[in-house]
Amino acid sequence: MRSYRTLFRTPEFTPFLLSFAAHAAAQTIGGLALGTLVFRATGSPLLSAVSMFGPQLAQLLGATFLLSGADRLPPRAILSGLALVFAAGTAVLALPGLPVAAVFAVVLAQGLIASLGGGVRAGLLNEILPKNGYVLGRSVFNMLWGLMQVAGFATGGALLALLTPRTCLLLAAALYVLSALGTRLGLTARPPRSSGRPSVSATWRTNALLWSSRPRRLTYLGLWIPNGLVVGCDSLFVSYAPGAAGTLFACGALGMFMGDVTVGRLVPPAWRPRLAVPLRLLLAAPYLFFVLQPGVALSAVATAVASVGYGASLVLQERLMSLTPDDLAGQALGLHFVGMSTLQGVGAALAGTVAQLTSPATAMTLLAAASVTVTLTLAALGRHEERRPAAPEARPGVPPQPAATDTPRRGARREDAQ
């Protein structure tokens, strides 16, 4: 699948994308409104930031306990149900006089279930699209997410100038309901990809299985660590250029958009595996230039060029899917998204700590150098893995045994899931 026309002609892709757009808009507008509400109530920048971005860290707990449901629950029902739960939780946050402790309890609960929703949504995309369409489809979702962030923050800021934060939270709740309706009416019912009941033990077993394969493990590390370190660089834009941080963020979004379009639409599939390392190096290398403390114009160019490298995530997600049985696709992708969010939070905290001790420019340079080092190390380990001798063939008359680090597929993709 090489064209957007073919992509949008795929049954169910468009309603799935639109329901995701409503979800992303609700998350962005609601997060900004909640952060504003908490700041006005407490005067604390820390509590305001945690109220907006705390759910990302809470997803780590969700990955530990809930991710097995990504493949063991019917996707349409669970996505619709989760959107309604988000709507209810956001409406609760709008209640007048709600204690700050109760606000954070709701935020924690939303973060926990968000980890399950990410895995279900990613696994469903893998079912709706053919194998050769996943990268293009994922790139469209990435572009839409970036667009909804820009539009959502801009719209949310305008609405907060006209309305109260609680009214904006109710608007976000309505958008979550719209997302639930889009999922329920636009998608067909599918059975779970994997048998068995979701449980904590099943989540742990499958996470351990996914992590036990060395090629998958290297792929996960390549998805998480270089990305997280560079997001740490991005988190210092405000302290590096207080009057131009918005410009730097916008240039980063533009570069990310170009990277997604290039990798998803223009690069031939046969070339994509070769771009994983160059793109990850591109993601970090321009930030080494910040050691010279460039002005806004040069910083914006460096940020835009670097952000093209975020397209590496599409290449590595495609590799992850090629290494993962279909019936574990949802949990495998859910584990990726949770790990990525967690490492981004860690990268931001690390960058802030180093900047506090040195300077923003020094911290950005050091984190970029660390990202380059990690990418080169993982590339060397990957080449070593490719040179490892293959497993010996089974003796004549003895059936081959499944690899210890993988699970045999329980069957080809169901016809009704095409």
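Biologist: Which residues line the second largest cavity?
Modeller: This is a predicted model. In it, the second largest cavity is lined by Phe16, Ser19, Phe20, His23, Leu79, Ala83, Arg121, Ser179 and Thr183.
Biologist: What is the volume of the second largest cavity?
Modeller: About 50 Å³.
Biologist: And which element gives the most to its lining?
Modeller: α2, with 4 residues. Helices α2 (13–42), α5 (75–93) and α8 (165–186) each supply at least two lining residues.
Biologist: How does that lining divide into nonpolar, polar and charged?
Modeller: Into 4 nonpolar, 4 polar and 1 charged.
Biologist: What lines the largest cavity?
Modeller: Gly222, Leu223, Asn227, Arg280, Leu283, Gly309, Tyr310, Ala312 and Ser313. Two or more of the lining residues come from each of α10 (214–234), α13 (276–284) and α15 (312–322). α10 gives the most, with 3 residues. By class, the lining has 4 nonpolar, 4 polar and 1 charged residues.
Biologist: New topic. Where does Ser371 lie?
Modeller: Ser371 is in helix α17, which covers residues 360–387.
Biologist: Is Ser371 buried or exposed?
Modeller: Buried, because its relative accessible area is 0% and buried means under 20%.
Biologist: What is Ser371 in contact with, leaving aside neighbours within four places in sequence?
Modeller: Ser371 contacts Pro226, Leu229, Val230 and Ala284.

Conventions. Residues are numbered from 1 along each chain as its sequence is written. This is a predicted model: local features need pLDDT of at least 70, side-chain atom pairs count only at pLDDT 80 or more; totals for chains, interfaces and linings use all residues. Side-chain values use heavy atoms; hydrogens and water are left out. Buried means under 20% relative accessible area, exposed over 50%, partly exposed in between (1.4 Å probe, protein chains only). Contact means heavy atoms within 4.5 Å. On a 1 Å grid over the protein atoms alone, a cavity is a set of points where a 1.4 Å probe fits but cannot get out, and a pocket is an open set with protein on both sides within 12 Å along at least five of seven lines; lining residues have an atom within 4 Å of a point. Ala, Val, Leu, Ile, Met, Phe, Trp, Tyr, Cys and Pro count as nonpolar, Asp, Glu, Lys and Arg as charged, and the others, Gly among them, as polar. Grid points are joined across faces, edges and corners, and a volume is the space filled by probe spheres set on the points.
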